[in-house]
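Biologist: Please put the model up. I have some questions about how it is built.

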Amino acid sequence: MFTHNPGNDSNTAADEVIRCDKLTKRYADGDILAVDQLDLSVYHGEIFGLLGPNGAGKTTTVGMLTTLVIPTGGKAIVAGVDVVAQPALVKQMIGVVAQTNNLDRALTVWENLYYHGRFFGMNRKEARAAADEYLVRFRLAERAKAEVMAISGGMAKRLMVARALLHHPSVLFLDEPTAGLDPQARIALWEILDKLHAEGQTILLTTHYMEEADALCNRLAIMDHGRILALDTPKKLKESVAADTIVTVSATGDLDALARLLQEQVEGATRSQRLDTTIQLHVKGTTGVLPRVVTVAEQGGYNITDLSIAEPTLETVFINLTGKELRD
Amino acid sequence: MATTTSSTGRTTIRMRSQGVASRIAFGALLLRDLTVLKKNLGIFIARTLIQPFLLVFVFLFVFPKIGQGIGGGSGLAGESAFAAVLVSGVVGLSIMFQGIQAVALPLANEFGYTKEIEDRVLAPLPVSLVAIGKVLAGAIQGLIAAAIVFPIAYAIHARGVEVHLSVHWVLLITLIPLTSIMTSSLGLVLGTRISPRNIGLMFGFIVLPLTFLGGTYYPWETLSAIKVGGFPWLQALVCINPLIYVTEGFRAALTPAAHMPLYVIYPVLVGFCVLFLWLGVRGFYRRVLS
């Protein structure tokens with residue numbers, strides 16, 4: 001069974017399923033540098049996440065790794081094959097779940113799987129068996145004969161995952177897999193991905209939900225403006241904040257001055273940052289933090305309108321790195 | 001994809017050579033398109049029949065009945081001559097309609113917001129073969145259209161109007177596939193160049209002019225009568241219309257009437273094939289890859 005420890009330092013080149021060297025994409029229209037010299041390795045058996053806001057270059061990165069976007073610089077190897085030199089060969093080795101519902105609307109649920117199997121070289125009998133099996137496995141068997149436009153968003157996503165896995169790809173790509181899904185469908189998909197991970201399936205996903213990245217991924221790359229700002233396990237990324245408590249303060253008056261004041265005078269404060277309408281204060285230790293913040297602020301003549309306290313999250317990491325919030 | 005499951009439960013993946021994988025995937029793509037065709041067979045047949053039926057019905061049945069002859073005013077003999085002209089025109093036109101519709105219309109959907117073409121683009125074969133597969137599936141529909149339309153065009157006419165055909169089989173069985181591929185390649189060009197939003201305009205601004213200036217209702221030679229300063233401008237102008245070579249070709253294949261020389265028709269049709277395939281495949285690349 002699956003014993004590999006993803007993210008372990010003992011990863012070797014032999015375990016590399018994806019490797020990018022200075023991978024770059026500059027779109028001709030508007031001269032936008034969507035992905036800027038990306039270096040990345042994804043190892044066998046891990047769930048790797050690209051976390052970042054819209055426009056960070058995640059989808060373009062996945063596009064290049066799946067042969068749909070042609071890089072303007074650098075190199076990418078997927079399952080040992082160069083994606084630019086031999087795109088048709090790479091396609092044998094990958095499964096792709098796109099952000100939008102790109103199921104074949106001229107076909108039924110079952111036929112979507114059957115013909116996908118045929119595309120990948122299964123004969124009639126094999127494709128039939130595979131379609132039947134995957135419909136059961138992804139709890140779609142009851143809707144086998146339905147038109148794909150008639151099934152729910154969550155079912156459509158499951159069908160897309162089933163289709164992408166049907167030909168046993170070396171790596172499964174998912175672009176924003178849970179965007180637009182209701183909470184229940186999202187949790188159902190997370191369970192599926194967890195199970196696939198337990199079976200040893202290598203997965204690369206993009207997301208702008210930090211909870212998703214935190215819950216699912218063995219390792220994460222935080223991206224913004226086409227660059228990787230940080231890359232590590234979710235735990236280590238959160239530890240990199242070097243604080244135990246994150247205090248979010250809303251107050252009236254000069255917030256920049258308050259931010260400086262809090263950092264200077266609150267005991268244990270390591271960093272403070274003015275966001276749009278709030279201040280984020282990083283503090284070492286957890287006990288008695290709130291009273292200290294309130295005292296300092298009131299002595300400085302500020303009225304605190306809201307105060308909340310949390311552990312560092314990936315959002316904190318992102319704010320640390322970019323000075324802005326992930327979802328803005 | 002061929003797989004083996006080892007005793008440890010881990011699935012190992014075996015790669016096929018690109019040639020083998022491409023051949024299999026290409027066949028499967030065709031199979032998918034034919035399955036969709038089979039599902040919509042009723043609509044396909046109705047779509048194929050409606051236009052030739054109306055043309056033949058009005059021109060070869062209604063017109064002679066109401067005495068509104070269009071055969072050059074020489075009575076039933078003229079009508080019969082026109083019938084031969086029209087039958088070859090209608091066969092050519094039907095193939096062209098099918099070819100364009102079969103490729104351009106589905107592509108407009110598949111390139112649309114959801115990009116459902118993506119799963120086929122991600123099938124393990126070069127992207128150009130996905131495009132060529134579309135052309136081939138469209139061409140097959142053109143062939144079927146020809147087989148359906150020909151008997152109708154031949155059979156429906158008013159009493160006294162005779163359709164005098166003399167079939168040259170060699171021409172017929174080479175022209176039908178050539179025309180089918182040429183027109184479905186044109187469908188690929190249109191489907192990849194026109195945005196899905198504007199695909200409806202394609203009929204008004206491209207297909208209709210092609211039809212009316214494509215020799216469906218008149219032999220190309222007769223256009224020489226339309227002159228400005230001694231120059232047969234219309235006859236020259238329609239030479240840019242691929243349909244004129246199709247209808248003239250079928251005129252050569254089906255009727256004893258005068259027609260454009262074959263040594264012009266065949267090379268030009270092959271030329272259009274190559275041009276449209278090239279433009280279409282390029283357009284396809286541009287639409288699916290960035």
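**Cores, sheet and loop**

Modeller: This is a predicted model. Leaving aside neighbours within four places in sequence, F284(B) is in contact with L107(B), F111(B), I117(B), V121(B), V127(B), V130(B), A131(B), L188(B) and T192(B).

Biologist: Which residues have the most contacts inside the largest nonpolar core?

Modeller: In soluble globular proteins, nonpolar side chains tend to be buried together. Here the largest nonpolar core has 83 residues. Helix α5(A) gives the most to this core, with 8 residues. The residues with the most contacts inside the core are L159(A) and F284(B).

Biologist: How many residues are in the second, separate core?

Modeller: Its members include F97(B), V189(B), V207(B) and M260(B). This second core is separate, and its count is 55 residues.

Biologist: Turn to the open sheet of chain A. Which strands stand at its edges?

Modeller: The sheet has 4 strands in the order β12-β13-β11-β14, with antiparallel pairing. Two of the strands have a single partner strand each, so one side of each is left without a neighbour in the sheet. These edge strands of chain A are β12 (269-274) and β14 (304-310).

Biologist: By how many degrees are neighbouring strands of this sheet turned against each other on average?

Modeller: Direction is ignored for this value.

Biologist: How many residues does the hairpin between β12(A) and β13(A) run through?

Modeller: These strands pair in the antiparallel sense over 5 bridges. S272(A) stands opposite L281(A) in β13(A). The hairpin joins β12(A) to β13(A) through 4 residues.

Biologist: Now the backbone. What is the phi of Q37(A)?

Modeller: Most residues other than glycine have a negative phi. Q37(A) is found in strand β2 (residues 32-43) of chain A. Its phi is positive, in a residue other than glycine, and lies near 50°.

Biologist: Is Q37(A) buried, exposed or partly exposed?

Modeller: Exposed needs over 50% relative accessible area, and buried needs under 20%. Q37(A) has 47%, so Q37(A) is partly exposed.

Biologist: Where does R139(A) lie, and is R139(A) buried or exposed?

Modeller: R139(A) lies in the loop between α4 and α5 of chain A. Its phi is near 50°, a positive value in a residue other than glycine. Its relative accessibility is 52%, so R139(A) counts as exposed.

Biologist: How far apart in space are A141(A) and D182(A), C-alpha to C-alpha?

Modeller: A141(A) lies in the loop between α4 (124-137) and α5 (153-165) of chain A. At 43% relative accessibility, A141(A) counts as partly exposed. In sequence, A141(A) and D182(A) are 41 residues apart. In space, C-alpha to C-alpha, the distance is 21 Å.

Terms used. Residues are numbered from 1 along each chain as its sequence is written. Chains are lettered from A and ligands numbered from 1 in the order in which they are written. This is a predicted model: local features need pLDDT of at least 70, side-chain atom pairs count only at pLDDT 80 or more; totals for chains, interfaces and linings use all residues. Side-chain values use heavy atoms; hydrogens and water are left out. Two strands pair if DSSP finds at least two bridges between them. Axes are lines fitted to C-alpha atoms, for helices over the stretch in contact, and angles run from 0 to 180 degrees between N-to-C directions. Buried means under 20% relative accessible area, exposed over 50%, partly exposed in between (1.4 Å probe, protein chains only). A nonpolar core is a set of buried Ala, Val, Leu, Ile, Met, Phe, Trp, Tyr and Cys residues joined through side-chain atoms within 4.5 Å. Contact means heavy atoms within 4.5 Å.
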